[in-house]
Amino acid sequence: MFLRKYPVFLFAAFSIFFFGIPLHAQESEPGSETLAAPIEAPTDSGAYYSLNRLPASLRASRPFAREFYEYIRRAGTSGTIDQGEYLRTFEEARRDLYANQGTHHSDSPQAIQGQWMNIGLISSGDSVLSAGITTAIVFDPQRPNIMYAGGSGGGVWKSLDTGNTWFPLTDDVLPNLSVASIAVDPVNTNTIYVGTGYGYSANVNYGGTGLYKSEDGGLSFERLNVNNDSGSFVKVFVDPAHDNIILASKFGSPLDLYRSTDSGQTWKSVLSGGVVWDIIGTHNGDGSSTLYCINGGDPSFGGSGNGGVWKSTDDGAHWTRVTTSTNFFAATTIGRAALATPLNAPNKIFALMTDVSSSSQAHLYESTDSGATWNVYNPGPPTDLFQVGSSISFNPQGWYDLYLAVTPNSVTNDTIYLGGVSAYVLMNGAWQYFSDYNHPGGGGGYPHVDHHSFAINPTNSRIIYDGDDGGLWVNYKAGSNDLSTGGGWRYHSTNFVSNRFYHLTFNSTNSKDTWAGAQDEGLWELPLGKPATKHSPVGDGMQPLVSPQNQNVKYSEEVQGYLFRTTQTTESWSAIADSAVGVTDAPSWDCPLKMSPVRHGSTPGSQILYFGRQHLWRSTDGGTSWTRLAPSFGIDGNGVYRTSAIGLAAWNSNLIYVAGISNIFQRSTDYGSTWTSLNGKLPGIVTSINTSWQDTNFVLVSLQNSKNKVMFSDDKGATWTDVSGPKGGASIPGADSNTICNVMSIALDSTAPLTTWYAATDFGMYETTNAGQTWSSMQLGLFPCRDIQTAPNGQLLRVATHGRGIWEYSVPAGGVELTSLSATKTSSGAQLSWYVDGEPHGATFYVQRSIDGASFENIGTVAGIGASVGRHDYSFGDNSSVPGTYIYQVHEVNADGSQIYTNHVELHFGAAGLSVYEPYPNPYAMSKETGIALSFELPARDNVLLRIYNANGTLLRTLADRPMEGGPQSITWDARDAAGNRVAPGAYFYTLETANSGSVTNKIMIVGE
């Protein structure tokens, strides 16, 4: 895979200044899609000039504010992003990722040392109804079993089985995993084009990074130089008659439709002014095609004089507008829009649009003579298409969610699909809803609300697919909600992990139990090995908390500072920290929330909460009442500055740190009674504050909007040192850039907290083992990581990513001699074996075990043979086989006091599901290796089918098709096909299917050297 180099230019997005910066906004009702008052940017710098002039209805929209929260993290106070610098920083992160590719993989199917595992949200059937926003769905026109889908934060995904399972293509390809459109070459179907960015009117987040092309089915991509334009491309289209002709519509400045006649190598603008929201083509009898596009305005710049439907009869070289103000919606009033045509009636063209000023109404037109004349379609679209609730009469979301589709056989009787907040199908002359605001999260035959993309199965037009804010869904009965007749919408996002999470926390008594807050999906519990469960009444879930004293006591936070609490097994959530208890100051989008790790006097830590808004607040009764503390992120002429991070010491409840915007950093050493101002010492916005009991003067912070990504203090914040790594290498990417690659969270290693740290950055995970002198990639991927936490036993890290779900990492132990621990299941439990090469005097081996994430405990002792040289083998039997996940290690203590830990070994007893390990080695070098271990663990005896496919979905070899016993299994593939021939370098996929335990598809990279 490779990316090209590009010149620097300033990227201006049409967005607002939202996170932790002065705003003129009031609180909205919890769960509402509309803020109580429109948002105002504090200055008119850069993109903020346009945003302050947007319609109030749009600036009060929650989806609008949500996406801008992402933009502001990089644009800072300037309102601009240097896109060239952004791309260069991404390339720096790619080099880091590939520098040590594969070094974190284990060579044992049971050992997971240093290996990342995605733990959700992972759907199996309809058990977990949540994925990220799905913005594009397309089929391979020659091989309809192959599908591609795009997400607003998850990148491009591919399926080889008509959407039953998915795997990602762009985790290390796209600097920003927002995808607006995908197109497949109808002739060379391994060639796909991807338009990045958001396809949402008036809100492009921090923008896409241009147009990308793959010629090998998504195994590698190149970035196309579309007249030096980066940013968002809302539509990419391949001419059905001449596949060398590509059209791409730019959203941003300039607003141009570009055309290429050489498959994307060179481009020319063919239509300017307004946004070309959609492009379609019809097949003519002579083999040629007729193209149509619809041009509209945008709330950020108003209507376009070029609004309307345009037609081309020369493959897009020239365009003629075929609508007028007398037969169509007025040109300057057209906002976001879409087109559709039936395959078997190319003379019929349908156009759906919303009004540009308020984005509240839907308008549907039809032409039955190839665009020569137009009429308002009858019956007109439902009036509540963009309505966000039954009590809300104003519908301001047409800019955000809009699609139009028509079935191939709509020749005389039309079957039309409309998507907005709700979704409808016109069947037999009447509109029938199949999604509405009464079923916002989907389930029970309904999909999630907020619809962005749609596809019709090319072999059966009654099988349809919907992409929305909750993932991708399929319906086998043309949109019927009736599950009893085989209809109903079914979740179709298995392994499509594209959730955008904000924060996470562990259940302190069970580190296999994770709680996380997701965009538009509320609070989730992710118990490892079991289906995830959605909790709480919130829309966008932020910081969750679970009481260590009572697992029934949980806290859930929504945007703009709403807190909820439940105290019962049967959850009943109540609002806390609101105006009823005097918490009335202004919030930000993401307000920090912390629970004290230690008691204060007779008050348990679980009852002490700290909450940051305009002021810092504390509760000592679990959130029932609140006291405002002195730190204020004060008021100026533009509005209110908010809290950005809170730091609490685990050894002393008196020590508190709090940070906010404008370089504000304060410290209290007396439980918040008095405060010391350390303002002006940190050059950026503090995103996390870390302390350690090993040095009570130690403070480590992560930063955004700063060249200094990580800073360290050894005097409780009085002075600071930049520990982002050396400039120009072995550093966190963009260590010399103010706005590129923020660090959003830091976790300290449990055994070496003063020197070993883990950083969650915009371009993946980084680690240092020498107190920030150098940093290296942790080989996760290049997607944005938001929050990282260490498990109670100190052996696991979990990371909340904004687009690729939750990931888990097993922290390598610091073993030197003992690197050989292995474990096998026996009839009575487990048999452990290890050896040492040379042994010091007085060695004792303590066998330690952790079950289901609990802290390690000693379960036995083995005495060493004494000082000696050469290899010596040891073993130990563990007779416990209570169902659960077991992690073993051996702790060697020598007579001189030195200590050594082994690697970790994991076994599953009574596992409820299939455990699949990373292929090893991956990538696989044919010149150096003899085979690839495909390892997995079955919960019980099962029928196993293991197959190898190439990137085209062609079956190359079946490695297993037989019953296998429960427990660890490993099958080696020698990189040969069924005929015994070595496969060529490239990407391959293996599918593991079982009769009772589920199925998994993974990718293997094979290289020649």
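The paragraphs below take the whole chain, then a helix, then a sheet.

This is a predicted model, in which local features need pLDDT of at least 70 and side-chain atom pairs count only at pLDDT 80 or more, while totals for chains, interfaces and linings use all residues. Residues are numbered from 1 along each chain as its sequence is written, and side-chain values use heavy atoms, with hydrogens and water left out.

The protein contains four helices and 76 strands; these are DSSP runs numbered from the N terminus, helices being H or I of at least four residues and strands E of at least two. Of its 1009 residues, 63% are buried, meaning under 20% relative accessible area with a 1.4 Å probe and protein chains only. Among contacts (heavy atoms within 4.5 Å) with a separation of 6 or more, 56% join residues 24 or more positions apart.

Helix 3 covers residues 62–75, and 14 of its 14 residues are buried. The helix bends by about 30° at Tyr69, the bend being the angle between axes fitted to the seven residues ending there and the seven starting there. Just after helix 3, Gly76 has a positive phi of about 60°.

Four strands form an open sheet in the order 50-51-52-53, with antiparallel pairing; two strands pair if DSSP finds at least two bridges between them. Strand 50 (685–692) and strand 53 (721–722) are at the edges with a single partner strand each, so one side of each has no neighbour in the sheet. Seven bridges link strand 50 to strand 51 (residues 695–704) in the antiparallel sense. Ile689 has Val701 as its bridge partner in strand 51.

Technical notes
Buried < 20%, exposed > 50% of the residue type's maximum accessible area, 1.4 Å probe, protein only. Expected span 1.5 Å × (residues − 1).
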